Amino acid sequence: MNDSDHDSERRDVTRRTLLQATAAGTAGLSTSGLASADDDPIDEPLPVEDPPADFVCDPNATEHYTEVSLEPTHDFGEEETVELESDQDGKKIQIGVLKPDLEDGERVPVILRATPYVDDLREKSLRDCVRTERLTENYVEQGYAVAAVAVRGTGGSGGCMELFGPNEQADVDQAVTYLGEAAWSNGNVGIIGRSYDGSTPWMAARMGNPHLATVVPFSGVPDMHDLMYRRGAPEPRGYAILPGLYYAISIGIHSPASGTGLATYLERASCPDNYTDGSVWSLYAGATGERDPSGYWTERILRRGVARNYEGSVLMVHGLQDWNVNPSQVYPWTDDLREAGIRTHIYFAQFGHHYPDDGRIQDTDAYNEHWADFLLAWFESELKGRDEAVVAEEINAVDVFDASVHAQHSGGEWYTADEWPPAEAEETDLFLGTDGNLRATPDSETGEETIYVDETRSYDPTQPSDPEPGCRACATFVSAPFEDDFRFAGEPELALTVTPTASGGHLTAYLWAVDEDDAERLGWGQIDLRYADDSPAAEYPTPGEELDVSLPIEPLDATVPEGQRLAVVLHQGTTGDRTYSPTPAPVVVETGGDNGLALQAWNAGVPRASLDVDGTRADSGSVFTGGQTNRTDLAVAVRQPADETVLVRDTVPDGWTVDEEHGDVVATAPAPDGDTHVYFGLDEPRSEYDALTHFASAPDDLEESGEHAFGPIAVTTETDDSDADEGPSLADREWTRLEETDRDVIVTAVNI
């Protein structure tokens, strides 16, 4: 296993660094007077001077990855660099290929990485490139060719960096065709990669390339606009940052100092239009949330055509804690791929923007020490056409084909299923109570909470505090503790009624598992109110008018452990937590009623909100003589949950005799200290009792003279049969006493 002990040192230049540099203006370099590649024949690589290892090919750069367990079947063979002319415009497409040592007539499949993160490959080996090393060292000796194509405007390829543009898509598709038709190829190509490299597989898939047999995208982006501006709520990096970042990569990282030929470099430096177009339309999308009239974002939707044209398979890998590429990029799209008949396996786990065998998650339950074998089994089946059962038997401890879903929930447990979320999950609703409860039943009352950005305080509304998450500018709703682990998965959705105070507004929701000491963030979602119903174009709300909102939570697989509570926090996003509203304004959120969270869960034991019951009592007097009768009138009404039925109990003090022939008494039973419990509603439990009456006569023994206490009234939601053989006895049930429903009376046990 290649384990880098100096990862932090070699990763000094990262995307974050480039983002900062781009924002500072590095992408705005003057290009006037620079010659194009067609005008300048100089295209020889220049010496490398300390290139950033994340983006280039450096023999001293290493990363952590797992190794296949099988013995090699081949030796390393020939490595070559191929330069094609793009069918689009004749620009250079540079492809590096490392083949195993082949016997005469032997043909092998190709594992391809299409990426902007490689150097000019004419004097570099794929074995030295961070982005391809894990592939070359694991799979070439297992009988696979490994290839890398530098996407347009990067590495040694010509043209201008397009950020998923149509020429780049066509170039990747052309590279797949070349590799599939090579004399040494068996005709099957698989594309694999993470992040940008996990997006390029869809370029050839959407075109239905017949040589593309499988794709393995890790945290890929099939729709850049949907990632940056989903439901009208842009990320800060959506404001011209990404086009600038990749322009900086094109002319900064892949500069002559990193090995790129001078002519190629000069050509890229003369490509400001690409950067300008991307910047203009990203600013447009950030301001409006819409795609654009030019088609810039529309032509970069890589999902389009995949279900219709692609005939290969998909191994979809995504971290459910990935806050760089949201899980909504791949789910519920996976359902559409399956419905189209595309073999789609899902690998969802509790990691971020990582590989399953990334060293940064090595100490977590999400780490897969068999990942290289897992991939090998997939490639053997999909690229070599081998029998799955034989492959599974050869590669020990790998269950790739036992189910089409391999997933991990937030509790750390792995499981397999045939679909995701698993079929046994049931639709469950939780409701936002007016008292801050997250409830299993709707609150009959309604209330209001105002969500806003508190400019007077410095806080992070996404962080828990003592111990519940939230802030004074937020609305927080917390369930009762769960009596068992509560599992839910998929894409929960909040249904809300809101009233904007302006012609815009923004809402962000977070889900938490909380206990007395800690809080774990489970998921999040965000929308701009201009996209309250997921319409394709902005619909500006009217200030002061109610608006129905659907707010999706990013796909998750979560567990709230036994004894913990589920919390929903609503607030307005800020740049501090990667959300920003171009239309900031306070939003009034309705609580109670049907406002709540719909999710798919496994646990029927959803905790109910705290029982809220009103009760009153009236006695016929306050002083009684021995044998005199007291008439007690009770009234009980469940305030919330509104539809909850209860049994009612009153307590008659020791020495008093209950008249069971008159009034509404259903049953009596001895109580502690000699008192008597009087029960109502056993025959017909209700949520409201307008008038309950019982009669009791005072004791006539002189020793019983003094103060006596009636009540308090108590209720229970355990309304099943009271027979001890068929249900819990009345005494063993959990009774809730109603405050201020007791009454002290005086007994004078001598008649006067």
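## A walk through the strands, cores and one threonine

Start by selecting Pro670, which sits opposite Thr676 of strand E29. Strands here (E, at least two residues) and helices (H or I, at least four) are DSSP runs, numbered from the N terminus. Before going on: this is a predicted model, where local features need pLDDT of at least 70, side-chain atom pairs count only at pLDDT 80 or more, and totals for chains, interfaces and linings use all residues. Residues are numbered from 1 along each chain as its sequence is written, and side-chain values use heavy atoms, with hydrogens and water left out.

Now select E28 together with E29 (residues 676-680): the two run antiparallel and are joined by 4 bridges. Two strands count as paired if DSSP finds at least two bridges between them.

Zoom in on E14 and E20 (residues 565-571), which pair antiparallel over 4 bridges; Thr476 has Val569 in E20 as its bridge partner.

Time to go inside. Select Ile95, Leu179, Trp202, Met224, Tyr246 and Trp420: within the largest nonpolar core, with 64 residues, these touch the most other members. Such a core is a set of buried Ala, Val, Leu, Ile, Met, Phe, Trp, Tyr and Cys residues joined through side-chain atoms within 4.5 Å. Then try Val118, Ala377, Phe379 and Leu383, which are among the 41 residues of a second, separate core.

Last stop: Thr288, in helix H9 (residues 272-288). Thr288 counts as buried because its relative accessible area is 17%, and buried means under 20% (exposed is over 50%, partly exposed in between; 1.4 Å probe, protein chains only). Show its side chain and you'll find a polar atom 2.9 Å from the backbone oxygen of Tyr284. Beyond its neighbours within four places in sequence, Thr288 is in contact (heavy atoms within 4.5 Å) with Arg530, Tyr531 and Ala538.

Definitions and conventions
Polar contact = N/O pair within 3.5 Å; in protein donor to acceptor, adjacent residues only side chain to side chain.
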